[in-house]
Structures are given as C-alpha cells and as structure tokens.
Amino acid sequence: MGINRVILDWFDELAESGTFEGKSSVLELGPQDFFFSGEDITAVANRRLKGHKVGEAVSLICNTSVHFREKQAAFYSLFGLQDYQSTDQYDKRADFDFDLNQCQGSPKKYDVIVDSGTNEHVFNAANVFVFTHNSLNEGGIALKILPTYGDNTHGFFNIHPTVYFDVARVNGYRILDFRYIDDMSGRSKERGIESMISKEDFERGLTSFAGSAALQSRISQNFAQNLDRAITRGSQGQAHFCVDYCCVAMQKIKDQPFCYPGQGVYLTEFGNS
C-alpha cells in the first residue's frame, strides 16, 4: 500500500490525540514508499514541528536523492518516533529480512509497529499478528492499514474487520482507533479519513449474525456505488482503483503469549462467550 495522504492524515490525528506519547521506536513491516504531495507533508510538519525544523524535515522526506532510510526516519520523527527500523524478506532497503510466514517475533521489541499493506501479501497471514504481538513492548501500538474489500489480485487475502476485534478480545488489546476507509484510492480531500461505519457500529454489528449481515449489506451497496463512480470517471475506470481499507490502532496492554481467536459472532450466537 505505502503511505498516502489518507494514511498521513490518520498518523497526524493519532499524534494529535497523544497516541504516540512516550513512544520512540518503530518497526515497519515492509519499507513503505510515500504517495502524498509536498503540500500535504508540509501541512503536517507545520503542526508537528517549529521553525527551521519544518523545512529540514520536508526536504529530507521529499528529496528523491536522500537515502531511503533517512527519509523514513525523518517521516516518523514528525510523530516523535526517533528510532526507525524495517523488515522485509524481499526488499533490500529493509534492516532485517524476517520471514513473516514463520518468524514468531523480532529479537528486539518496539513501541510502534506499522503494517501499511504487508499482511495481505504473507501467505501465513495469521502469523503476522503473532509476530506483531511478540515484537511489541507492553503498552505498544500496532498500526494496521490493510485491504478489507476489493483490491482483487493485490495480495493473497483481504483482512476483514472482525479480525481486529476478535484478536483484541482474546489478547487484551485496546482498540484506540478504528476507521473503515471506503474508496481509499478515489477518496476526496474533503472526506479525509472519515470512517464510513463507526467503530461502535462494528462492535455492535459483529456480535450477531443479523448485525453482521446488515454491515455486509451496507458495505456491499456502498462499494457498488463507488465502483460505478470510478467507472464513470474514466481515468479511474479500472476495478482495482475502488478499494476499501481498515485503519486500526491497537494497543497491547499485557505482555502475554498470543492467543488465537475464535470469531466473536459464533461464540455469541452459540452461547460460548
């Protein structure tokens, strides 16, 4: 996925709300390229920094001749995260080449782990959640920005919203922020990071078959409308431009072994929760 304007604005909001306070180290699952404008990053830098530091940071982030790792470090430092590293089995720009299909955790633990579109490319998708859990400090934050609907052929999987709530439930995570970002690629500046369906609506809907069906109906109808608009626009007339993503900030509260979840709706409907 990389980091586009929508994700940039989400990071900015998380920083504004204090999500990254007391956090310093960050691990990217897959080195992420930037897909936002100089104007976008300058606006964020002006809110996060002061004086000459704004220009210095923007210059590092936007200058194509600057080494990749230096650009990433400058980007994350906007949000107070000064210690940047990344892992990728194939991308030689990464600091480590952990195989996320099998590796259960990194040797070092981090305050923040960013997965901006890697999980769906790992065949053993569940293990990415295990790796993330085991590689986070207690109190650490996992940021997941993953496709949930559409993006056919982009990766092995779409990651459905229930995954985050079910993983959080059995592992004692606190979901600090949840956004269902419909039409990620075609979204206007005005819509920003507005969530199509609220976190509370998902929490209620995912506890019953009827609620889940109602959520699915809303999402499917909206997706069809967005796809029609994309086709009408012409320049974005291909189906892969119409995609829905979830942006989720999950805080690890306890340093305990990872537990694999059952799907909450089945546990609720069949009286096992």
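## Talking through a predicted model

Of the 273 residues of the protein chain in this predicted model, 51% count as buried.

Student: Happy to start with the overall fold. How many helices and strands does the protein chain have, and what is its radius of gyration?

Tutor: The secondary structure amounts to nine helices and eight strands. For 273 residues the globule rule gives 19 Å, and the chain comes close to that, so it is as compact as a globular protein of that length. Its radius of gyration is 19 Å.

Student: What box do the C-alpha atoms fill?

Tutor: Take the box along the principal axes. The C-alpha atoms of the protein chain then fill roughly 60 × 50 × 35 Å.

Student: Among contacts between residues at least 6 apart in sequence, what share joins residues at least 24 apart?

Tutor: A contact here means heavy atoms within 4.5 Å. Count the pairs at least 6 apart in sequence, then keep those at least 24 apart. That share is 75%.

Student: Let's turn to helix H1. What span should its twelve residues have, and how far apart are its end C-alpha atoms?

Tutor: Helix H1 covers residues 5-16, and at 1.5 Å a residue it should span 16 Å. The model agrees with this, because the end C-alpha atoms are 16 Å apart.

Student: How many residues of H1 are buried, and which are they?

Tutor: Buried means under 20% relative accessible area. Ten of the twelve residues pass that test, so H1 is largely enclosed by the rest of the structure. They are Arg5, Val6, Ile7, Leu8, Asp9, Trp10, Phe11, Asp12, Leu14 and Ala15.

Student: Is Tyr110 buried or exposed, and which residues does it contact beyond its neighbours within four places in sequence?

Tutor: Tyr110 sits in strand E5. Its relative accessibility is 1%, so Tyr110 counts as buried. Leaving aside those sequence neighbours, Tyr110 touches Ser25, Val26, Leu27, Gln85, Phe96, Ser135, Leu136 and Asn137.

Student: What separates the C-alpha atoms of Tyr110 and Gly140?

Tutor: Along the chain, Tyr110 and Gly140 are 30 residues apart.

Student: Now the surface. Why does Phe123 count as exposed, and which residues form a nonpolar patch with it?

Tutor: Phe123 lies in the loop between strand E5 (110-115) and helix H5 (125-135). Exposed means over 50% relative accessible area, and Phe123 counts as exposed because its value is 59%.

How values were computed: Residues numbered from 1 in each chain as written. Predicted model: local features only at pLDDT ≥ 70, side-chain atom pairs only at ≥ 80, totals over all residues. Heavy atoms only, no water. Helix = DSSP H or I, 4+ residues; strand = E, 2+ residues; numbered from the N terminus. Buried < 20%, exposed > 50% of the residue type's maximum accessible area, 1.4 Å probe, protein only. Rg over C-alpha atoms; globule rule 2.2 N^0.38 Å. Expected span 1.5 Å × (residues − 1).
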